[in-house]
Amino acid sequence: MAGSAAFEAVCSELAGFPNMDRWTARGTLQLALMDAGLEASNASAEQLMIVVDRLLPRQLQSHAGADVNAICTRLRDVLSLLPASKGDSPEAVFARMGS
Amino acid sequence: MHQLAFLCVGIYTVMSAVVGVRLVRRYFATHRVPELLMGTAYLAAPACGYPLVVVGPALPDRDLGALFFAAGETGIVLGVSLFFFFNAKVFRARSPFAFAGAALGSVLMALTALEVVRGYLALGPGSTALASVRTASVILLLTLGSGYAWTALEGARHVQLMRKRARYGMGDPVVANRFLLWAIAGSLQVLSAIVAATSLETGGNMMTDAAPLLATSLVGAFNSALLVLIFIPPAWYTRWLTRAPAGALEAV
């Protein structure tokens with residue numbers, strides 16, 4: 001199943017680093033998202049920024065030779081360029097419902 | 001008992017109408033589809049469908065009663081179908097299986113409601129004596145219950161997700177609580193549908209027997225309170241939920 005624009009952007013970038021391929025990148029990011037209680041289909045750039053800061057470094061440490069700091073800095077740069085999410089995530093819909 | 005049932009249905013009808021109108025009005029301002037689906041669902045099923053199905057058989061004019069009953073069944077089918085599609089659109093937007101499931105549930109409800117109305121037009125309120133009408137009613141109730149079960153499961157799943165997010169400073173405790181209340185409301189509707197279906201299956205009358213009357217009445221009254229807390233939360237309730245943002249999510 002396709003992920004949100006932010007998820008796909010991070011996956012593409014992550015897959016370009018040494019010792020990574022498309023599937024490893026997706027799997028690594030998915031594991032970090034699961035720990036954070038997020039879903040690939042509607043994770044926003046703001047949420048992924050927190051994942052990259054706080055959860056992804058731990059996941060990347062299991063990949064031998066990965067320069068965790070360089071990867072996370074690059075991913076933060078990619079995320080900062082993305083426009084704010086306009087998607088209707090369940091959280092956004094339920095936030096509106098009672099306002 | 002009947003007066004209590006009418007009172008509870010009345011409260012639920014009024015609250016559903018208020019919530020439905022608010023959401024539909026919001027749709028016209030924002031053009032967001034979830035608001036339209038949810039608002040129309042509340043207007044069609046609990047605000048119009050359920051009371052019409054209860055009032056119809058009580059009317060002395062049989063033709064008018066049949067018209068009310070048929071309109072009520074139509075409202076229930078439309079409303080619950082929109083609940084199905086709300087779930088698919090909001091929680092499973094990228095899954096064709098979810099939309100197929102919503103469509104299947106809607107068709108099943110429409111077909112069974114058609115048989116229930118056909119029986120009512122032929123025999124009036126005693127039509128549940130017919131095996132075909134009784135079977136159709138049970139299937140209708142179970143399909144309706146499955147729609148609310150889906151609602152409850154998605155709500156419960158999102159409560160878990162919000163708890164995880166809270167550990168990393170993400171997630172709003174008010175929204176997390178809304179998911180929790182949503183899950184409780186859905187679970188109670190499932191319980192009510194199961195009690196009514198069991199009553200029918202065992203030869204009872206869900207309009208007159210104590211168990212289904214009590215179940216639907218109490219669920220209606222309790223869900224009215226939940227509707228307020230979910231869709232029109234009082235300021236004191238929101239303040240209570242956000243009293244300690246770091247810990248509030250752990251509590252919901």
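Chain B and chain A bury about 2,500 Å² between them, with 57% of that on carbon and sulfur atoms; buried area here is the accessible area (1.4 Å probe) lost when two parts are put together, summed over both. Of the area that chain B buries against chain A, B:R94, B:Y168 and B:M170 supply 28%, more than any other three residues. This is a predicted model, in which local features need pLDDT of at least 70 and side-chain atom pairs count only at pLDDT 80 or more, while totals for chains, interfaces and linings use all residues. Residues are numbered from 1 along each chain as its sequence is written, chains are lettered from A in the order in which they are written, and side-chain values use heavy atoms, with hydrogens and water left out.

In terms of contact (heavy atoms within 4.5 Å), 31 residues of chain B meet 27 residues of chain A. Four salt bridges turn up across this interface, counting a side-chain nitrogen of Lys or Arg within 4 Å of a carboxyl oxygen of Asp or Glu. B:R165 and A:E91 form a salt bridge, N to O, at 2.4 Å.

Then there are the cores, meaning sets of buried (under 20% relative accessible area, 1.4 Å probe, protein chains only) Ala, Val, Leu, Ile, Met, Phe, Trp, Tyr and Cys residues joined through side-chain atoms within 4.5 Å. The largest has 55 residues, and A:F94, B:M38, B:Y42, B:F86, B:W182 and B:F231 touch the most other members. Leaving aside neighbours within four places in sequence, B:F231 contacts residues including A:M97, A:G98, B:V19 and B:L23. Apart from this core lies another, of 29 residues, with A:L29, A:I71, A:L75 and B:Y168 among them.

Terms used:
Buried means under 20% relative accessible area, exposed over 50%, partly exposed in between (1.4 Å probe, protein chains only).
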